[in-house]
Amino acid sequence: MSSDRERERLDWHSGFDGGLNLSFMKYKKYIYIEREHPLSKEPLMIDFLVIKKNDDIVINNAVGLDFLKYNIIEYKNPNDELNIDVLYKVIAYACLYKSFGDSVDSIKDSELTISIFRTRKPKKLLKQLVLRGKTVKQKRPGVYNVIGIIDIPLNIIVMGELKDKELLAFSIMTHNADEEMVKLFLKETRKFKESGARHYADAVLQISAGANKELYRKLRGEQDMCEALKEIMAEDFKEAEAKGEEKGIEKGIDLRDKEKITEMLNLGRSPKEIADFCKYPMEQVMQVYNSLKK
């Protein structure tokens, strides 16, 4: 299957949902995150709405530092365009949300922020904004503040440039993810005890692994990384084994990875060691083993 079709198949928004919830997990008592908040009876949806339950709480990460009471979030996956019209559409969402309050001015513009997330820096858009007399200021790594369009604080978040440890989930949801960041994220996931956190981490890894198959194949050859993947994606492993699926990383990590078995055999690992190490079915390992002996 072509790489374009593989990219289209990935449910990037579900991965981002996991990343967003995971990144603000320690503030979950103080905020409420709603996915696809309806703006009207018509099919007009905000991607995500983050509402601070307590105005005084400070969300101490690169993205959340600018949050006020009501925070409009638009997520553009790597296949989506982020141009001037998209920018104004998101601004319109924020304006509509403000206008749909329970009473006149019950949602104040001074309580609103807009954040647009994208994997890569939209250089053409930012240049266009500057040429039109707007100010674009990098507040923190990956956070670009746009001034001069609307009084509501407006940030463009470049996920691939984020350096904040709390935001690793965003950083690895991209094609050509940084190996060290993926490893750091996997190490962090092993600390998660709550099922909610593990569920969100699984959603992030589904996308990251699907977009970076070669990297995750490599990581499966490293014992601590393999164990971390098995722990956080246990349900995907079990489901794939039960169905006997051989669809690659679409269902988590490729459980029938012929190339990895071959590589490990060539490194001198015995079939039993391989089966025990990363829980490959012995039958599958032996099929590869026997094919190499012919």
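## Helix H6 against helix H9

Helix H6 (residues 179-189) packs with helix H9 (residues 223-232) at an angle of about 55°, and their axes lie 9 Å apart. That makes H6 oblique to H9. Angles under 35 degrees count as roughly parallel, over 145 as roughly antiparallel, 65 to 115 as roughly perpendicular, and the rest as oblique. The crossing of H6 and H9 is left-handed (the near helix is turned anticlockwise from the far one by less than a right angle).

Which residues of H6 meet H9? Lys183, Leu186, Lys187 and Thr189 do, and they meet Asp224, Met225, Ala228, Leu229 and Ile232 in H9. The residues of this contact divide into 5 nonpolar, 1 polar and 3 charged.

## Basis of the model

This is a predicted model: local features need pLDDT of at least 70, side-chain atom pairs count only at pLDDT 80 or more, and totals for chains, interfaces and linings use all residues. Residues are numbered from 1 along each chain as its sequence is written, and side-chain values use heavy atoms, with hydrogens and water left out.

Helices are DSSP runs (H or I, at least four residues), numbered from the N terminus. Axes are lines fitted to C-alpha atoms, for helices over the stretch in contact, and angles run from 0 to 180 degrees between N-to-C directions. Contact means heavy atoms within 4.5 Å.

## Helix H6 against helix H7

H6 also pairs with helix H7 (residues 195-211): their axes come within 11 Å and cross at roughly 155°. That makes H6 roughly antiparallel to H7. The crossing of H6 and H7 is left-handed.

In H6, Val182, Phe185, Leu186 and Thr189 meet residues of H7, including Arg198 and Leu205.

Methods
Helices (H or I, at least four residues) and strands (E, at least two) are DSSP runs, numbered from the N terminus. Ala, Val, Leu, Ile, Met, Phe, Trp, Tyr, Cys and Pro count as nonpolar, Asp, Glu, Lys and Arg as charged, and the others, Gly among them, as polar.
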